[in-house]
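Biologist: Could you take me through this protein step by step, so that I can see how each conclusion is reached?

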Amino acid sequence: MRLSVGEGTSASCSFRVRMWAVPMACVVVFVVYQAIAALAFDSAGVGSAEARSQWDAHAYVWIAGHGYPPETTWNPDGAYFAFYPLFPALIRAGVLLTGLAPEPVAVAVSLGCATVAVGVLGRWLHGVGSAAAALAAVVALLAWPASPVFQLAYTEGLAVLLLVLSWMFVTKERDGWAVVCILALSLTRGLALPLCAAVATHLWTTGRLRPGHHPRGAVGVLAAAVVGVLLWPVLAGVLAGDVGVYWSSHVAFAPDGLPQSVLEAGLRHPEIAVLVVLFLAMTTILAVKLLPEWTPPVVRWWCAVYPVYLVVGSLVTPSIVRYLLLLFPLGLAAVPLARRRWAVAVAALVLVLGQVGAWWWVEEFVPLGGDWTYP
């Protein structure tokens with residue numbers, strides 16, 4: 001059967017509409033959810049951009065305005081070299097472009113990056129999986145209690161955007177863009193090590209590193225991932241004139257007398273060890289066995305490696321709650337349930353429960369106080 005020119009154009013337009021419908025739906029859900037979560041900030045007395053720029057955000061805003069000090073400096077929010085430079089650079093660029101104060105610019109950059117990330121995630125997962133996959137990932141992202149962090153002047157919004165772009169470009173074999181995103185992420189958050197492991201596994205399991213498969217681009221991507229692991233620690237050492245300044249700044253956040261990592265806490269306390277083992281077992285089973293078969297290896301292995309990285313490298317602080325936000329692809333394990341009649345009702349219930357958790361997270365951790373609770 002032959003199509004006329006008009007019929008072909010109509011079919012093409014219809015296809016484009018369908019392809020954009022899912023990411024737009026994801027963005028709408030995200031924006032509505034964040035708008036409701038904003039009420040929690042108002043209720044907790046942190047509705048202004050200035051109030052949302054405390055804790056770690058204060059350091060990012062300070063760096064945006066002053067740069068890194070020539071030597072290790074300690075302030076109430078921590079050592080400046082523990083904070084990565086790309087987010088402050090974007091804040092500074094936004095201030096120069098708009099003339100606004102750095103606090104609202106920082107919040108806008110975070111929330112804007114997160115919104116774009118959700119759209120990209122929806123479009124990509126719809127293409128490699130299904131509409132249900134895109135919505136499942138977004139629901140998992142929003143349902144986690146720390147999802148309002150995108151409205152703080154924190155790096156989660158930028159990190160999620162660069163992480164999703166890195167996964168997408170690695171999967172699509174857009175090697176140049178993958179290198180750019182991987183290196184940018186390594187200047188945003190301390191995620192380069194687990195991403196390096198996930199990228200290396202992806203390149204090997206898909207055959208891109210094996211002889212006879214034109215591996216030049218794959219080697220470049222892997223090299224960027226390896227370089228990213230030490231990129232900021234080395235640059236920080238050069239700026240401060242102290243090769244160990246990043247590590248000493250990072251350790252400075254550990255509360256006195258408490259374990260330096262979740263792993264150490266588990267070794268000290270058997271009850272914590274049981275929880276850690278259960279956590280790693282659950283995430284490993286979900287990542288290896290229960291994610292859909294079409295899940296890109298880089299995403300599957302991120303979900304397997306990142307929990308181990310958190311256990312070994314994370315300090316025992318309340319920030320672990322928001323760190324776990326980056327395990328949102330585990331929500332893809334729910335995709336096989338999408339054909340059930342009650343799937344939409346369950347997703348709505350999960351989002352409602354997530355709002356309850358988000359309200360608790362904001363009121364418990366975000367307002368400034370004299371205790372140990374912070375986002």
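The questions and answers below concern a predicted model.

Biologist: How many helices and strands are there in the protein?
Modeller: In this predicted model, the secondary structure includes a helix at residues 5-43 and another at residues 56-66, numbered helix 1 and helix 2. Counted over the protein, there are 15 helices and two strands.

Biologist: What share of the contacts with a separation of 6 or more is between residues 24 or more positions apart?
Modeller: A contact here means heavy atoms within 4.5 Å. Of the contacts in the protein with a separation of 6 or more, those between residues 24 or more positions apart make up 74%.

Biologist: Which residues have the most contacts inside the largest nonpolar core?
Modeller: Buried residues make up 47% of the 375 residues in the protein, and the largest nonpolar core has 107 residues. Leaving out residues up to four places away in sequence, Trp-167 touches Trp-124, Leu-195, Val-298, Val-299, Trp-302, Phe-328 and Pro-329. Inside the core, the residues with the most contacts are Trp-167 and Trp-302.

Biologist: Is Thr-283 buried or exposed?
Modeller: Thr-283 is found in helix 12, which covers residues 270-290, and beyond its neighbours within four places in sequence it is in contact with Cys-303, Pro-307, Leu-327 and Leu-330. Buried means under 20% relative accessible area. Thr-283 has a relative accessibility of 2%, and therefore it counts as buried.

Biologist: Trp-55 is not a glycine, so what is its phi?
Modeller: Trp-55 is found in the loop between helix 1 (5-43) and helix 2 (56-66). Its relative accessibility is 15%, so Trp-55 counts as buried. Although Trp-55 is not a glycine, its phi is positive, at about 55°.

Biologist: Where is Glu-173 found, and how does it count in terms of accessibility?
Modeller: Glu-173 also has a positive phi, of about 60°, although it is not a glycine. Its place is the loop between helix 6 (156-172) and helix 7 (175-186). With 46% relative accessibility, Glu-173 counts as partly exposed.

Biologist: How far apart in space are Ile-320 and Ala-343, C-alpha to C-alpha?
Modeller: Ile-320 lies in helix 14, at residues 320-323, and at 23% relative accessibility it counts as partly exposed. Ile-320 and Ala-343 are 23 residues apart in sequence, and their C-alpha atoms are separated in space by 30 Å.

Biologist: What is the distance in space between Ala-89 and Gly-67, C-alpha to C-alpha?
Modeller: Ala-89 has its place in helix 3 (residues 86-98), and its relative accessible area of 42% makes it partly exposed. In sequence, Ala-89 and Gly-67 are 22 residues apart, while in space the C-alpha to C-alpha distance is 9.0 Å.

Biologist: How far apart do the centres of the positive and negative side chains lie?
Modeller: The accessible surface of the protein comes to about 17500 Å², and 70% of this belongs to carbon and sulfur atoms. As for charges, the protein has 19 positive and 18 negative side chains, and the centres of the two sets are separated by 21 Å.

How values were computed: Residues are numbered from 1 along each chain as its sequence is written. This is a predicted model: local features need pLDDT of at least 70, side-chain atom pairs count only at pLDDT 80 or more; totals for chains, interfaces and linings use all residues. Side-chain values use heavy atoms; hydrogens and water are left out. Helices (H or I, at least four residues) and strands (E, at least two) are DSSP runs, numbered from the N terminus. Buried means under 20% relative accessible area, exposed over 50%, partly exposed in between (1.4 Å probe, protein chains only). Accessible areas come from the Shrake-Rupley method with a 1.4 Å probe; for residues, only the protein chains shown count as cover. Lys and Arg count as positive and Asp and Glu as negative; His and the chain ends are not counted. The place of a charge is taken as NZ of Lys, CZ of Arg, CG of Asp or CD of Glu. A nonpolar core is a set of buried Ala, Val, Leu, Ile, Met, Phe, Trp, Tyr and Cys residues joined through side-chain atoms within 4.5 Å.
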